[in-house]
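Take a moment to look over the model shown here before reading on. Then we'll walk through it together, piece by piece.

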Amino acid sequence: MSSACSAVMGPEIQPPSDPKADQLKYLDRNTVQWLEKKPTEKTGSVKQPELAPTWAELTRTRTYCSQIRVSQPSKISKWALHAFPSERVCELAKPRSYSRGWQPEACLPIPVSRASLSAVASPRTCRLAQPKKRYSAPEPSYTSEPRPMTHLTSAHLSMLAIPKAEHPLYQRQRSACWPVSFGAKHYVPSQRLLKLARPIIRKDPLGGYDPFTVSHAALCANPSPRTLQLSVPLPRKCSPKVSPHHF
């Protein structure tokens, strides 16, 4: 049966139709390529891997040079030694002057003047120099009844608690209903106001209205010289016309 099939399929189809060999029997293989037969077992010592010269160079410990390299002094040309600077270079080489209001730093410690040493502080200064009195908050006791905080109130706090009065020129919000004046009731509008008060009537295109019609005044209008000048294209955007006899 197989010979008959091979005769029918031909030599090109026969190799792909053969079953693949079982490669799992070579479990301990020493190469990444599949072998046709099992490799022989090695009884000798394990071979040490050999590194490439580039890898061996990278595995070496890096040594740092402790000596400081001194660069050779650069040679100055004869033209640079005998060069003369221009006026602009001389002007830029001058140091920048200080501003008019600049003052040098004060020397430390700063000497105290005789008037400051013999000055007498005013009562206001003495009062401001005293430290503030810090009132420690009493510890909360859950057994005693709460006491009124009358001992913390003062005349200044009472004055701050008074609401501010309104300004004499302040006007309150106008009510929604207010009387209409006599002049507004008997006012006669002008023709311009009556014209503007009329709503715009939008005609329906289905009723015979054509929005693209041009009025008679627009058809008979004469443009001004400025309009004609603006309607002409720019010369740089106009390409020259080529006559048909040119070709």
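What follows is a tour from the overall fold to a few side chains.

First, some ground rules. This is a predicted model, so local features need a pLDDT of at least 70 and side-chain atom pairs count only at pLDDT 80 or more, while totals for chains, interfaces and linings use all residues. Residues are numbered from 1 along each chain as its sequence is written, and side-chain values use heavy atoms, with hydrogens and water left out.

Let's start with confidence. pLDDT is the predictor's confidence in each residue, from 0 to 100. The chain averages 77, and 69% of the residues score at least 70. Helix H1 (residues 2-9) has the lowest confidence, with a mean of 49, while helix H10 (residues 191-197) has the highest, at 93. Where pLDDT is low, the predicted coordinates should not be read in detail.

Now for the fold. The chain has 12 helices and 0 strands. Here, helices (H or I, at least four residues) and strands (E, at least two) are DSSP runs, numbered from the N terminus. How much of the chain is buried? Of its 247 residues, buried ones make up 1%. Buried means under 20% relative accessible area, exposed means over 50%, and partly exposed is in between (1.4 Å probe, protein chains only). The accessible surface comes to about 28,100 Å², with 59% of it belonging to carbon and sulfur atoms. Such areas come from the Shrake-Rupley method with a 1.4 Å probe, and for residues only the protein chains shown count as cover.

Trp-55 is exposed, because its relative accessible area is 55%. Together with Leu-51 and Leu-58, Trp-55 makes a nonpolar surface patch of about 400 Å². A patch is built from residues with over 30% relative accessible area and no salt bridge, joining like charges within 9 Å and nonpolar side chains (Val, Leu, Ile, Met, Phe, Trp, Tyr) within 5 Å.

That brings us to salt bridges. Side chains of opposite charge can pair when their charged atoms come close. To count, a side-chain nitrogen of Lys or Arg must be within 4 Å of a carboxyl oxygen of Asp or Glu. The whole structure has 3 of these. Glu-57 pairs with Arg-60, their closest N and O atoms being 3.3 Å apart. Arg-88 meets Glu-91 at 3.9 Å, N to O, and both lie in helix H5, 3 residues apart, or about one turn of the helix. Finally, Glu-166 joins Arg-172, with the closest N and O atoms 2.8 Å apart.

Rings of Phe, Tyr and Trp (its six-membered ring) pair if their centres lie within 6.5 Å; planes under 30 degrees apart count as stacked, over 60 as edge-to-face and the rest as tilted. That rule gives 1 aromatic pair. Tyr-98 and Trp-102 are stacked, 4.1 Å centre to centre with 10° between the planes. Elsewhere, the charged end of Arg-174 sits over the ring of Trp-178, 4.0 Å from its centre. This label needs NZ of Lys or CZ of Arg within 6 Å of the ring centre and within 35 degrees of the ring normal.

One last stop is the backbone. Most peptide bonds are trans. What is the peptide bond from Leu-108 to Pro-109, cis or trans? That bond is cis, with omega near -5°. You'll find Pro-109 in the loop between helix H5 (87-93) and helix H6 (114-117).
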